[in-house]
Amino acid sequence: MYLQHFGLSDPPFRITPHPAFFFGGGRRGEVLAALRYAVLHGEGLVKVVGEVGSGKTMLCRMLLEQLAGDADLVFMPHPLLERDEILDAIAAELGVPTGAGHAGARVQALQLALIERFGRGRRVVVVVDEAHAMPVQSLETIRLLSNLDHGHDKLLQIVLFGQPELDQRLKNYELRQLSERITHAFALQPLCRAELSAYLEFRLRAAGYRGPQPFSPAALRQIAGAAEGLVRRANVLADKALLAAYADGEHAVTRRHARAAVADCGYRRAGMPRRLLGAIAAFRFAHA
C-alpha cells in the first residue's frame, strides 16, 4: 500500500523468506558459510538452533539454495513424521524404490542407493526444519540414518533446524546417542540495536529504496526495544511503522509512528495517541 509513497519496488518487510532479502549481519552470513562447509566436507550431523522469529527459516532456505548445485537435497519441513514416513519421504525424494517391507529392509535399500550415489560423487543432504517438534522415535531414526557410511565417509549429511527446545530435548537420557553424534552446533543470536538498524536499512535498499534512512533514531529505539533482536518482529513492526507514516502523509518514520506499530502489535504496552491508532484503523478499513 505504501510502496509508491516511499519509492519502493517490492515490499521490504514481508516475513516469507526471500533470498534477495537475506541479511548477512549478526553473524548470519558466517553461520551460513560454516554450515555449507560442514555439509560439503562430510561432517555428518549438524544442528542449528534459534528462537522463534530469529531467522532460521531464511537461513534454511539460503542453505538449500547454495547447496542445490553441489548435492542431492531432501527437505523435510514437517517434523511430525513417524519412522517409516521419514524413510519413505527420503526414498521418494531421491527416487529410490524401497517397497513395503520392514524398516530394516527399507534402510538397506536406501543405503545401497546412497552408496551408488556416493560412487558417482553425489552427496546427499537431508535438511529437517522444526526438529524440536519431532517425536523421540523419529529423532532416533535420524540418529540411525546418520550412522550410514561407506568406509570412512558418511552417506548422509543431516542438518537439524530447531527452536531452543531442541537443545533441552537432546539433554534427555533417551536421546544421548543422538546428541553425541552432532559434530557442529550453531546458534542464531538476537540482533543488537546497531545490527537491527543495519538490518532495516538493508531490507529497504533491497526493496529499491534510494532515499535517506526513513526511520528516526527514536523510532529505531522503539522498534529495537519491542523486537528484542528478533527479525520477524522487526519486519512486522517496521512494516506497521511505515504504514503509520504513510497514513499521516509523511516520509519520515518518527517515534510516534513506531509507538503506534508497537501498540498495534501488542508486543509491549505503549502509551499511544488514540488519534494515530484511529487513523491506521480507518486507513486499513478504507483499503480492505
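What follows is a chat about a predicted model of one protein chain.

Student: How many helices and strands are in the chain?
Tutor: This predicted model has 13 helices and seven strands in its chain, and along the principal axes its C-alpha trace spans about 65 × 35 × 35 Å.

Student: And what share of the residues counts as buried?
Tutor: Of the 288 residues in the chain, 45% count as buried.

Student: Let's look at α9, then; which residues of it are buried?
Tutor: Helix α9 covers residues 193-206, and its 14 residues reach 20 Å from the first C-alpha to the last, close to the 20 Å expected. Its buried residues are L196, Y199, L200, R203 and L204, and seen down the axis of α9 they fall within an arc of 130 degrees, so they line one face of the helix.

Student: Why do residues three or four places apart point the same way?
Tutor: An α-helix has 3.6 residues a turn, so residues with that spacing, three or four places apart, point the same way.

Student: OK, what covers the buried residues of α9?
Tutor: The cover includes α3 (56-67), α10 (217-227) and α11 (231-247).

Student: New topic: where is G50, and is it buried or exposed?
Tutor: G50 sits in strand β1, which runs over residues 45-50, and it counts as buried because its relative accessibility is 2%, where the cut-off for buried is under 20%.

Student: Which residues is G50 in contact with?
Tutor: Leaving aside neighbours within four places in sequence, G50 is in contact with K56, G162, Q163, P164 and L188. As for P164, its C-alpha is separated from that of G50 by 6.1 Å, although the two residues are 114 residues apart along the chain.

Definitions and conventions:
Residues are numbered from 1 along each chain as its sequence is written. This is a predicted model: local features need pLDDT of at least 70, side-chain atom pairs count only at pLDDT 80 or more; totals for chains, interfaces and linings use all residues. Side-chain values use heavy atoms; hydrogens and water are left out. Helices (H or I, at least four residues) and strands (E, at least two) are DSSP runs, numbered from the N terminus. The expected span of a helix is 1.5 Å times one less than its number of residues. Buried means under 20% relative accessible area, exposed over 50%, partly exposed in between (1.4 Å probe, protein chains only). The arc is that of the directions from the helix axis to the C-beta atoms. Contact means heavy atoms within 4.5 Å.
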